[in-house]
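Here are my notes for your reading, arranged as numbered points. Please keep the structure open beside them and look up each residue as it is named.

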Amino acid sequence: MTPLTSGTASALNGRLRAPGDKSVSHRALILGALAIGRTQVSGLLEGEDVLRSAAAMRALGAGIERSSEGSWTIDGIGLSGLNEPQDVLDLGNSGTGARLLMGLVASHPITTFFTGDTSLRRRPMARVAEPLERIGARILAREGGRMPLAVIGACSPLPIVYRLPVASAQVKSAVLLAGLNAPGETSVIEPQPTRDHSEHMLRHFGAAVSSAEEPDGARRITLKGQPELRAADLAVPGDPSSAAFPAVAALLLPGSQVVIEGVGVNPLRTGLYDTLQAMGAELHFGNARVAAGEPVADLTLRASALCGVEVPADRAPRMIDEYPILAVAAACARGRTVMHGLGELRVKESDRLAAVAQGLAACGVSVDVVGDTLAVEGQGGPPPGGAAIATKLDHRIAMAFLVLGMAARQPVRVDDGDTIATSFPGFVAAMNGLGAAIAPAPA
Ligand code: S3P
């Protein structure tokens with residue numbers, strides 16, 4: 001564990017490239033590995049989570065090699081070529097890697113053991129086990145459906161129609177990946193739209209995926225099983241969830257002007273940016289283009305005076321990973337910000353609702369949690385800061401509170417900076433390059 005402190009910064013200025021999108025990177029490795037032929041990927045996120053998925057796909061038989069920074073070659077093995085891994089797959093901190101791969105192996109006649117770090121071993125896996133058992137897999141897990149667990153894949157997988165009980169792109173993707181090796185059509189019905197990177201990536205590799213509205217307004221996503229997936233090069237867009245940290249820092253520090261290049265702007269990921277605009281942020285997206293079926297743009301931000309807002313529950317799936325950094329923006333804004341529908345935050349890398357509330361309170365910001373709603377009393381300027389934050393193996397808690405330290409009157413310390421490598425390797429250097437003052441702290 002490397003503790004870090006973040007001291008008051010004056011202004012952030014300059015340009016940076018957003019690191020590769022974590023969600024898209026996992027999916028590129030998994031689907032590239034299932035396609036026939038060689039896929040070249042550029043801009044892959046080389047964060048710990050994605051490296052775990054790469055190792056897991058190698059253990060399942062794919063040839064995956066790094067050629068240079070962000071550039072990777074995947075030699076796919078075809079849908080029916082998965083090997084039974086010789087050892088337990090350790091997905092580290094990655095809920096996405098774990099859940100997507102559980103889905104993938106569930107429809108293959110192999111047995112796969114999964115584990116992860118202390119954070120991942122606490123997270124609920126029953127939400128994927130349940131539909132995968134309907135497909136015909138058997139899952140043996142610890143109490144509460146937790147890891148370590150084994151997935152005994154179905155010999156004759158069944159196509160299913162599954163209505164998501166929670167708004168989760170991971171569960172949707174697990175079912176669709178399982179459906180790849182089932183005959184007929186597998187459908188997922190989502191009452192609330194969640195990120196659709198799996199759908200884009202499946203189409204990119206040649207699968208037939210359709211989407212239609214149900215009579216009740218829900219969306220039905222249907223995959224035709226047993227497609228022939230063909231290798232197809234792709235460029236991974238920058239991660240809007242990672243860009244969120246320098247973006248909010250630039251908005252909060254007077255005199256800042258920052259451009260973040262190549263940010264993915266899939267509308268199912270941009271809830272934070274809509275919310276910041278409603279708070280008065282001067283931000284705009286320019287130079288729009290498309291990469292691997294995903295919209296991408298450059299994001300320009302200028303320091304802005306923010307005001308508190310009400311964030312409705314139905315926006316949560318479009319910004320689910322951004323609440324820690326939004327709460328930091330809210331702490332510096334004028335007035336109260338109320339965020340509804342945050343139940344899912346309790347089962348992320350940490351209980352993020354508790355971690356955000358405790359961390360802000362320790363930094364002298366008044367917060368209130370009632371049920372799944374978080375209210376933050378904005379300070380209308382720099383909050384006191386001066387606290388030590390327990391990151392609890394949660395990269396986004398670490399980055400959010402380092403940003404708070406930049407804007408606060410007293411430095412903020414986080415107990416574990418290493419966890420940031422999960423999603424944003426090079427975060428400290430990138431932020432310091434713009435003008436931040438993040439440094440190793442005495443243990
Ligand atoms: C992800 C989906 C989200 C998000 C996670 C990545 C994905 O989780 O929090 O960081 O890549 O599908 P849920 O789908 O469980 O909400």
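1. A polar contact is a pair of N or O atoms within 3.5 Å, where, within protein, one atom must be able to donate a hydrogen and the other to accept it. Please bear in mind throughout that this is a predicted model. With that term in hand, we can say that 12 residue pairs are in polar contact between domain 1 and domain 2, counting pairs in which both residues are at pLDDT 80 or more.

2. The two domains themselves come from a domain assignment of the protein chain, which gives domain 1 as 4–20 + 237–440 and domain 2 as 22–223.

3. Where the domains meet, 26 residues of domain 1 are in contact with 27 residues of domain 2. The area buried between them is about 2,200 Å², and carbon and sulfur atoms give 50% of that area. On the side of domain 1, the residues that lose the most area to domain 2 are Leu268, Pro317 and Thr422, which together account for 23% of what that side buries.

4. In a salt bridge you can look up by number, the side chains of arginine 195 and aspartate 321 meet at 3.5 Å, taken from N to O. The side of domain 1 that touches domain 2 is made up of 11 nonpolar, 6 polar and 9 charged residues.

5. Turning to the strands, S3 (residues 36–42) pairs with S5 (residues 71–77) in the antiparallel sense over 6 bridges, and within S5 it is tryptophan 72 that stands opposite valine 41. Strand S5 also pairs with S4 (residues 63–68), again in the antiparallel sense, over 5 bridges, and here isoleucine 64 has isoleucine 74 of S5 as its bridge partner. The hairpin of S4 and S5 has 2 residues between the strands, and glycine 70 takes a positive phi near 80° in this hairpin.

6. Another sheet to trace is an open one of 4 strands, with the order S22-S23-S1-S24 and mixed pairing. Strand S22 (388–389) and strand S24 (437–440) each have a single partner strand and stand at the edges, so one side of each is left without a neighbour in the sheet. Strands S1 (residues 4–7) and S23 (residues 412–414) run antiparallel and are joined by 3 bridges, with leucine 4 standing opposite valine 414 in S23.

How values were computed
Residues are numbered from 1 along each chain as its sequence is written. This is a predicted model: local features need pLDDT of at least 70, side-chain atom pairs count only at pLDDT 80 or more; totals for chains, interfaces and linings use all residues. Side-chain values use heavy atoms; hydrogens and water are left out. Two strands pair if DSSP finds at least two bridges between them. Domain bounds come from an automatic or database domain assignment. Contact means heavy atoms within 4.5 Å. Buried area is the accessible area (1.4 Å probe) that two parts lose on being put together, summed over both. A salt bridge is a side-chain nitrogen of Lys or Arg within 4 Å of a carboxyl oxygen of Asp or Glu. A polar contact is a pair of N or O atoms within 3.5 Å; within protein, one must be able to donate a hydrogen and the other to accept it, and residues adjacent in sequence count only if both atoms are side-chain atoms. Ala, Val, Leu, Ile, Met, Phe, Trp, Tyr, Cys and Pro count as nonpolar, Asp, Glu, Lys and Arg as charged, and the others, Gly among them, as polar.
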